[in-house]
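I opened the model and looked things up one at a time. These are my notes, in the order in which I made them.

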Amino acid sequence: MTTTTNRLSTDRNLRRYDDIRDLLPTRHDPTPLVRLRHGTPDTFLKLEWFSPFGSIKDRAAAYLLDGLAERGELDGKELVEATSGNTGIALAALAALAGVKLTVTIPDGVPEEKKTLLRMLGAEVWETPDDLCPVDHPKDGAIALARSLVNSAGGDRYVMPGQYDNPDNVRAHYETTGPEIWAQTEGRIRTFVAGFGTTGTITGVGRFLKEQDPTIRIVGVEPNPGHRLPGLKSFQEAKQPTILDWDVIDEVVRIDDETAYARTLRLYREEALIVGPSTGAVVAAIDRLDPNGVTVGISPDSGLKYLSYFADMLGDDGTPTI
Amino acid sequence: METAATTLDTSGLLCPLPVYKASLVLNKLDPGQVLELICTDPGSLADIPALVRQRGDRLVKAEEREHQQVFWIEKAAL
């Protein structure tokens with residue numbers, strides 16, 4: 001006897017999904033591109049917080065884990081990764097689904113909201129100052145700590161996805177983010193702007209777009225040393241990731257914290273975009289560029305993980321003046 | 001010398017793990033209590049005294065044994 005089942009499986013047209021991972025963006029199911037109403041004309045933000053675990057790092061985390069699994073490097077191991085939060089959150093979500101333990105080393109400036117989310121998802125969080133090693137080390141305490149866990153005695157139980165060095169990070173953006181932007185702008189993009197962090201986004205998207213049209217301008221956004229813009233890196237104080245490809249980058253714009261946070265506030269009040277502070281840095285950089293047609297900036301995450309930072313910035317703003 | 005309140009053996013651990021773990025243990029000690037810290041990473045010879053200075057604790061004694069460095073660190077008063 002045969003039985004037939006009427007299982008309600010994934011149907012993207014109905015937005016019904018078998019698995020939360022089916023919501024990861026693809027060329028056929030991209031994150032939204034939204035035009036800014038104010039500022040440089042023909043500017044769009046790609047809202048990466050519409051991804052299931054809340055940031056652009058969902059793409060990299062999925063590719064990093066798939067790469068480890070395909071190469072058999074994940075078998076029976078625990079994961080350890082240095083992250084400013086978003087990669088950790090995406091890895092923690094995917095690791096929870098895969099039943100794999102994750103340890104995250106995280107700079108101590110990261111907001112409590114991100115650390116709490118990581119722990120909610122079952123990750124073990126090792127918080128560390130950037131200048132952890134008091135003697136003669138670069139300002140990358142979280143990265144150094146993750147590496148030492150892997151390289152120390154007993155470290156063979158860990159595997160590190162290594163988002164700063166792993167080409168799968170770049171491939172995620174070369175195969176998804178880049179083609180999405182090209183399709184969503186119908187090939188009319190002239191300028192692409194993204195922050196410097198792991199540099200997976202700017203290298204992957206930049207490489208893809210340059211292959212379509214080498215005259216597309218690729219712009220990186222770099223914060224100042226000692227900044228308070230989670231996810232971004234100043235290469236004046238941090239080591240450059242090995243995956244960074246300067247050949248696809250035409251310009252770097254430096255943005256200070258005050259400008260980034262002020263621009264973030266304007267995005268809330270002029271555009272009703274509930275974005276994180278690195279989006280403010282990206283749009284502040286776009287403000288400074290000569291306009292030359294369609295511009296796409298990356299909005300890596302939403303503002304919900306930075307409410308404690310925003311409360312500090314606002315002070316009495318928005319409370320009654322009696 | 002005062003008896004150590006606790007011992008942390010970081011044998012086999014590379015920098016910055018000994019510094020990180022020592023900081024966590026020292027944070028939990030009461031002022032005046034002593035941590036006995038065993039390290040095998042040669043970098044600890046410079047890192048641990050620097051950590052102690054940075055935190056404002058007191059290095060009571062340091063001893064080099066074969067393939068091992070042992071530090072006794074007294075937590076500073078608040």
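A residue is buried when its relative accessible area is under 20%, exposed when the area is over 50%, and partly exposed in between, using a 1.4 Å probe and protein chains only. By that cut-off, buried residues make up 45% of the 78 residues in chain B.

Before going on I noted the conventions. This is a predicted model, where local features need pLDDT of at least 70 and side-chain atom pairs count only at pLDDT 80 or more, while totals for chains, interfaces and linings use all residues. Residues are numbered from 1 along each chain as its sequence is written, chains are lettered from A and ligands numbered from 1 in the order in which they are written, and side-chain values use heavy atoms, with hydrogens and water left out.

**Entry 1: chain B**

I looked up the secondary structure, where helices (H or I, at least four residues) and strands (E, at least two) are DSSP runs numbered from the N terminus. Chain B has two helices and four strands. Read from the N terminus, the order of elements in chain B is β-α-β-α-β-β. The radius of gyration of chain B is 11 Å, close to the 12 Å from the globule rule for 78 residues, so chain B is as compact as a globular protein of that length. That radius is taken over C-alpha atoms, and the rule is 2.2 Å times the number of residues to the power 0.38.

I then took the box: along the principal axes, the C-alpha atoms of chain B fill roughly 30 × 25 × 15 Å. For contacts I used heavy atoms within 4.5 Å. Of the contacts in chain B with a separation of 6 or more, 68% are between residues 24 or more positions apart.

The accessible surface of chain B is about 4,000 Å², and 50% of it belongs to carbon and sulfur atoms. Such areas come from the Shrake-Rupley method with a 1.4 Å probe, and for residues only the protein chains shown count as cover.

**Entry 2: chain A**

I repeated the search on chain A and found nine helices and ten strands. The radius of gyration of chain A is 20 Å, close to the 20 Å that the globule rule gives for 322 residues, so chain A is as compact as a globular protein of that length. The C-alpha trace of chain A spans about 65 × 60 × 55 Å along its principal axes. Of its 322 residues, 54% count as buried. Chain A exposes about 14,500 Å², with carbon and sulfur atoms supplying 50% of it.

**Entry 3: helix H4 of chain A**

What covers the buried residues of H4(A)? The buried residues of this helix (residues 141-151) are A:Gly141, A:Ala142, A:Ile143, A:Leu145, A:Ala146, A:Ser148 and A:Leu149. Their cover includes strands E3 (78-82), E4 (102-107), E5 (124-128) and E6 (158-159) of chain A, together with helix H1 (17-28) of chain B.

**Entry 4: aromatic rings**

Rings of Phe, Tyr and Trp (its six-membered ring) pair if their centres lie within 6.5 Å; planes under 30 degrees apart count as stacked, over 60 as edge-to-face and the rest as tilted. I found nine aromatic pairs over all chains. A:Trp49 and A:Phe50 form a tilted pair, 5.2 Å centre to centre with 35° between the planes. A:Phe50 is exposed, at a relative accessible area of 52%.

The ring centres of A:Tyr268 and A:Phe310 are 5.7 Å apart and their planes are at 75°, so this pair is edge-to-face. A:Tyr268 lies in helix H7 (residues 257-271) and A:Phe310 in helix H9 (residues 307-314) of chain A, so the pair ties together parts that are 42 residues apart in sequence. A:Tyr268 is partly exposed, with a relative accessible area of 25%, whereas A:Phe310 counts as buried at 8%. I also noted one aromatic cluster, formed by A:Tyr261, A:Tyr268, A:Tyr306, A:Tyr309 and A:Phe310.

**Entry 5: two loop residues**

Is A:Lys305 buried or exposed? At 7% relative accessibility, A:Lys305 counts as buried. A:Lys305 sits in the loop between strand E10 (294-299) and H9 of chain A.

A:Ala238 is in the loop between strand E8 (217-223) and strand E9 (251-255) of chain A. A:Ala238 counts as buried, at 8% relative accessibility. With the sequence neighbours up to four places away not counted, A:Ala238 touches A:Asp140 and A:Lys233.
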